[in-house]
Amino acid sequence: MIIKLPETESTNKYLNKLTKNQELKNKTIVITDIQTNGKGQHNNYWESEPYKNLTFSIFYKNINLDVNKQFYISIAVSLGITDFLKKININPKIKWPNDIYVNNKKICGILIENNIFKTTIKSTIIGIGLNVNQTKFTELTKNATSIKLITNKNYELNKLFNSLINNIDNNISTLIKKDFISLKSNYLNNMYLINKTHTFKIKNTKLIAKIKGIEDTGQLIVVDKNNNINKYFLKEIIF
Ligand code: BTN
């Protein structure tokens, strides 16, 4: 079921409320043209100019995934987005943990909100903000890009939406089949800065290191010039 709202504060928030008030079908989607108070990761605001971009959220139930494997939801969604972008001739990279980058700029953000019971993820709300036809971003979002900024073309949002949903859904099916090996190997193949020397910040110190991979828990594995291997959770390492 697709619920199209002319305007809403946040599609994640709207869908979350719906799940509390009624039994929703698997893959219920809420999409809007105007999102007035979009939620980003770490309580950030997600900027999106009305009518220009895709801002929507999908509800998946019966995910039944062990909490220790929750990062695989991010993996599947990130791959759905990169698969889709490649089909329109864009060359995306996944910036760990789950930002989609093109040419060192962010084109898409993902906000995943899981519903956990004991040690199992029962259902999840996946919010996606994909910059499509927007060409100007505010000071706060200066590291952003869009499909139009890359290709110089305008896109019909509906067409892109259908294809994007199919690509996400294919990867979620792989997740439901528990094919973790292929998900992880695809993720590593599409990862931003993998195997490249880069300066990171850990607490307040600089670390020159290379990304080597990820743990099932989502930790980032990096190796420094002395071949020391370190693993970091989100927020412990800054790019
Ligand atoms: C990020 O910070 O990178 C995540 C951004 C997620 C934005 C999308 S837009 C649709 C959905 N509804 C929200 O309020 N946020 C997500």
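The legends below describe close-up views of a predicted model.

**View 1**
Ser10 sits in the loop between strand S1 (2-8) and helix H1 (11-21). Its relative accessible area is 2%, so with a limit of under 20% for buried residues Ser10 counts as buried. Ser10 caps the N-terminal end of H1, with a side-chain oxygen 3.3 Å from the backbone nitrogen of Asn12. A polar atom of the Ser10 side chain also lies 3.1 Å from the backbone nitrogen of Lys13. Not counting residues up to four places away in sequence, Ser10 touches Gln35, Asn37 and Lys39.

Thr11, Asn12, Leu15 and Leu18 are buried in H1. They cover an arc of only 125° around the axis, and therefore lie on the same side of H1. An α-helix has 3.6 residues a turn, so residues three or four places apart point the same way. The buried residues of H1 pack against S1, strand S2 (28-35), strand S3 (38-39), strand S5 (54-60), strand S9 (105-117) and strand S10 (120-130). On the face turned away from the buried side are the exposed residues Lys17, Lys20 and Asn21.

**View 1. Residues around the ligand.**
Which residues come nearest to the ligand? Of the 20 residues around the ligand, these are Ser10, Thr11, Lys39, Gln41 and Lys106. A polar atom in the side chain of Ser10 is 2.7 Å from an oxygen atom of the ligand. For Lys39, a backbone N or O atom lies 2.7 Å from an oxygen atom of the ligand. The side chain of Gln35 has an N or O atom 3.0 Å from a nitrogen atom of the ligand.

**View 2. Gln35 in strand S2.**
Gln35 belongs to strand S2 and is buried, with a relative accessible area of 9%. A polar atom of the Gln35 side chain lies 2.9 Å from the backbone nitrogen of Thr11. Leaving aside neighbours within four places in sequence, Gln35 is in contact with Thr8, Glu9, Ser10, Thr11, Trp46, Ser48 and Thr55.

**View 3. The nonpolar cores.**
The largest nonpolar core has 59 residues, of which Leu54, Phe56, Ile81, Leu85, Leu130, Ile147 and Leu175 touch the most other members. Helix H2 (residues 71-87) gives the most to this core, with 10 residues. Domain 1 (2-189) and domain 2 (197-232) each supply at least three residues to this core. Another core, of 8 residues, lies apart from it and has Ile3, Leu5, Leu15 and Leu24 among its members. Back in the largest core, Leu54 touches residues including Ile31, Ile128, Leu130, Leu157 and Phe161, with residues up to four places away in sequence not counted.

**View 4. The two domains.**
The domain assignment of the chain gives domain 1 (2-189) and domain 2 (197-232). How far apart do the C-alpha centres of domain 1 and domain 2 lie? They are 26 Å apart. Where the domains meet, 9 residues of domain 1 are in contact with 9 residues of domain 2.

**View 5. Asn143 in its loop.**
Asn143 is found in the loop between S10 and helix H3 (147-151). Is Asn143 buried or partly exposed? With a relative accessible area of 38%, Asn143 is partly exposed. Apart from neighbours within four places in sequence, Asn143 is in contact with Tyr101, Asn104, Lys105 and Lys106. The C-alpha atoms of Asn143 and Gly80 are separated by 22 Å, and the two residues are 63 residues apart along the chain.

Most residues other than glycine have a negative phi, and most peptide bonds are trans. Trp96 and Pro97 are joined by a cis peptide bond, with omega about 0°. Pro97 is in the loop between strand S7 (93-95) and strand S8 (99-102). Asn152 is not a glycine, yet has a positive phi of about 65°. Asn152 is in the loop between H3 and helix H4 (157-176) and is exposed, at 69% relative accessibility. Asn227 also has a positive phi, near 65°. The loop between strand S13 (220-224) and strand S14 (229-232) holds Asn227, which is exposed with a relative accessible area of 61%.

Notes:
Residues are numbered from 1 along each chain as its sequence is written. This is a predicted model: local features need pLDDT of at least 70, side-chain atom pairs count only at pLDDT 80 or more; totals for chains, interfaces and linings use all residues. Side-chain values use heavy atoms; hydrogens and water are left out. Helices (H or I, at least four residues) and strands (E, at least two) are DSSP runs, numbered from the N terminus. Buried means under 20% relative accessible area, exposed over 50%, partly exposed in between (1.4 Å probe, protein chains only). A polar contact is a pair of N or O atoms within 3.5 Å; within protein, one must be able to donate a hydrogen and the other to accept it, and residues adjacent in sequence count only if both atoms are side-chain atoms. Contact means heavy atoms within 4.5 Å. A nonpolar core is a set of buried Ala, Val, Leu, Ile, Met, Phe, Trp, Tyr and Cys residues joined through side-chain atoms within 4.5 Å. Domain bounds come from an automatic or database domain assignment. The arc is that of the directions from the helix axis to the C-beta atoms. A residue is near a molecule or strand if one of its heavy atoms lies within 4 Å of it.
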